[in-house]
Amino acid sequence: MSDTSVRQAAEGRDHPDLDSSRFAADACVRVLARRFPPYHRDSSCVGVLDRFLHDPVLAAAAVVDNDMRPVGLVDRYSLVEQFLHPYSRDLYHKSTIAEFMDPRPIIVDADSSIDDLSRIIIDAGMRHMVSGFVITEDGAYLGIGSGHDLFEEVANRKQNHLYYLAHYDQLTGLPNRLLLSDRLKRACLRGQRGGYRIALLFVDLDRFKRVNDTLGHAAGDQLLQGVAGRFAACVRKVDTVARLGGDEFTVLLEPVSGQQEAMDVAAKLVESLDRPFFIQNHEVATGASVGVVLFPEHDLTVDGLMRKADAAMYHAKHEGRRQAVLFTEEMNSIVVERVTLEACLSSALEKGEFQCVFQPQLTMADNSVVGAEALLRWIHPELGPVPPSKFIPVAEETGMIFALGLWVLEEACMQQVRWLAAGLPPLRIAVNISALQFKNREFCDQIRAVVHKSGIRPEHLELELTESAVMADAEHSVGILKSLRDFGIHLAIDDFGTGYSSLSYLRKFPLHRLKIDRSFISRIDQIPANALIVKAIVALGDSLGLDVIAEGVETPEELECVRRCGCSSYQGYRLSEPLSGEDFARWFKRSGYV
Ligand code: C2E
Ligand code: MG
Ligand code: MG
């Protein structure tokens, strides 16, 4: 183990929840040793008898040689029984204890495990449970053990071990969900009686899945153990840090003075992961999103507190991660909605609930329709139409975006080919690509496969990527974009202006156009700052040789302003709402746009 991992493993180890030794099933025989003085083999048997008669606790006595090595064992009942006969004292008063001892007692070393001792006794005969056994250390007498003590110890340890297995997470040694809810229930009762506050913190790790996927499960396990230690080091000994499963941790603070204290601890948890971990010679970074609820302010029940802490955590994750968020009532409805969406989304593609619609794009110069953007629509039989802003993030989180993204891509390409066959001019179809799809190693191959399968010409397909997707790993993106461009595909940056594009990279990316975000187009005729931004983006596009399109143009005034700012094309309700494939063809033929 490296220095760092030793330190890592040691973090938080003094928290009582992480001390699993009290539940260990493999205790040693030393704990059973009753250190009664032994007798020499030449001792008088009457002396030993008198000691038994005066000391009712003494069940057996060891007999040793000159070197303190055990040579036998005398147990209370057999000795006392011998002396019940009349005149026995007179008869045996000169005898040594060696004549009464069992010369082959069970002798065990103090460091043997209790399990081993139990096995020896079972093998040697259960009578040793009654007579007891001799415990030695380095071969010399240490003490006497009794069957009764052994039985108690075995039963206790087994019970403790079973309790441990049922209530503690085996990987991290932290309390599990069962123990946490039990402690939370008791904490609520005590809080109610004592009139004090409790805080419950839900923590989810950022990017944990990536560690598991890239470095393997063993590395993931080590990361979880490291995180457990750091979290335990952030709280008082009276507080509980639990692992609910996966990368979900929970912290119970009892009592807390109020919101501030709870949020301070939550911030400490987040900060504790600022330092990276060193796992298998890799520097592994993770982060924590924390949701915080307070008893009694937010809820009085265990279930309610758990659900609301989870909702706040979910919120923290979606508001940018690596932060702590306090629960508010409006978060609740968001979570209920999300859970419903997630459940429905998984089967929506199979059930044919998705539809692809198309919104035309027009050039300013000659008023001709040059392309269309494909947009996903989900019409759920009960929930009705669900907007992409709601279901795309869920699809991304559940990984469903891969199947869904591929489906849109195929639909859009096939539609373009159908339009051509129906006599429409060769329009360029733009498809939105999620950052996750773009990052996927098979992305380029998938695009090529769809192009071949559908029969679309590559130059008639445009991919709309977001700034954050291409900037996330800019060096890597350059290669992917180049290979797509070499294949003939058009590339656009969507929602331009909202991300953090680095100009030096923008120059390196082989792009075709920038799509100005709708927020800058909205009321551009009334907001001078928006017009300035749009002009600046157009100037940037010119200098990079990129086409600039405005999206979300709604009014004639906006259109006029966008034109004056120098955008070469536009899209928006002013021209048309997104339409189904057939409606689009009809609209096109009627519209008079060439
Ligand atoms: P986007 O790619 O920027 O798409 C433009 C959005 O603006 C669309 O919303 C469109 O219906 C809407 N829009 C168009 N013209 C106007 C207008 O004049 N005024 C206003 N207020 N809105 C207008 P939609 O369809 O709700 O899509 C929202 C976002 O969801 C899209 O933004 C895109 O980021 C994402 N999305 C939609 N379909 C897909 C898809 O197939 N794959 C992926 N990954 N994302 C998609
Ligand atoms: Mg788009
Ligand atoms: Mg956009």
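Is Asp495 buried, exposed or partly exposed? Asp495 is partly exposed, with a relative accessible area of 25%; buried here means under 20%, exposed over 50%, and partly exposed in between (1.4 Å probe, protein chains only).

## Ground rules

This is a predicted model, where local features need pLDDT of at least 70, side-chain atom pairs count only at pLDDT 80 or more, and totals for chains, interfaces and linings use all residues. Residues are numbered from 1 along each chain as its sequence is written, chains are lettered from A and ligands numbered from 1 in the order in which they are written, and side-chain values use heavy atoms, with hydrogens and water left out.

## How the chain is divided

The chain splits into domain 1 (29-155), domain 2 (170-338) and domain 3 (344-591), with bounds that come from an automatic or database domain assignment. Taken over C-alpha atoms, the centres of domain 1 and domain 3 are 88 Å apart.

Donors are N, O and S atoms within 2.8 Å of the metal (3.2 Å for Na, K and Ca); water is not among the atoms, so sites may look incomplete.

The magnesium ion (ligand 2) is held by Glu373 (OE), Asn432 (OD1), Glu464 (OE) and Asp494 (OD), at 2.0 to 2.3 Å. Here the spacing reads E-x58-N-x31-E-x29-D. Asp494 bridges ligand 2 and ligand 3, which lie 3.9 Å apart. Distant parts of the chain get linked too: Asn432 sits in strand E17 (residues 428-432) and Asp494 in strand E19 (residues 490-496), 62 residues apart. As for accessibility, Asp494 counts as buried because its relative value is 7%, while Asn432, at 28%, counts as partly exposed.

## Helix H17, one face in

Helices (H or I, at least four residues) and strands (E, at least two) are DSSP runs, numbered from the N terminus. Helix H17 (residues 443-454) has 12 residues, which at 1.5 Å a residue should span 16 Å; its end C-alpha atoms are 17 Å apart, which agrees. The expected span is 1.5 Å times one less than the number of residues.

Which residues of H17 are buried? They are Phe443, Cys444, Ile447, Val450, Val451 and Ser454. Seen down the helix axis, these buried residues fall within an arc of 130°, so they line one face of H17; the arc is that of the directions from the axis to the C-beta atoms. His452 and Lys453, on the other side of H17, are exposed. The buried residues pack against helix H15 (401-421), helix H16 (435-439), strand E18 (461-466) and helix H19 (474-487), where contact means heavy atoms within 4.5 Å. After H17 comes Gly455, whose phi is positive, near 85°.

An open sheet of three strands runs in the order E1-E2-E3, with mixed pairing. Its edge strands, E1 (39-40) and E3 (70-75), each pair on one side only; two strands pair if DSSP finds at least two bridges between them. E1 and strand E2 (residues 60-64) run parallel and are joined by two bridges. His40 has Val64 in E2 as its bridge partner.

Elsewhere, Ile279 belongs to strand E10 (residues 277-279). Ile279 counts as buried, at 0% relative accessibility. The C-alpha atoms of Ile279 and Gly226 are separated by 9.5 Å, although the two residues are 53 apart along the chain.
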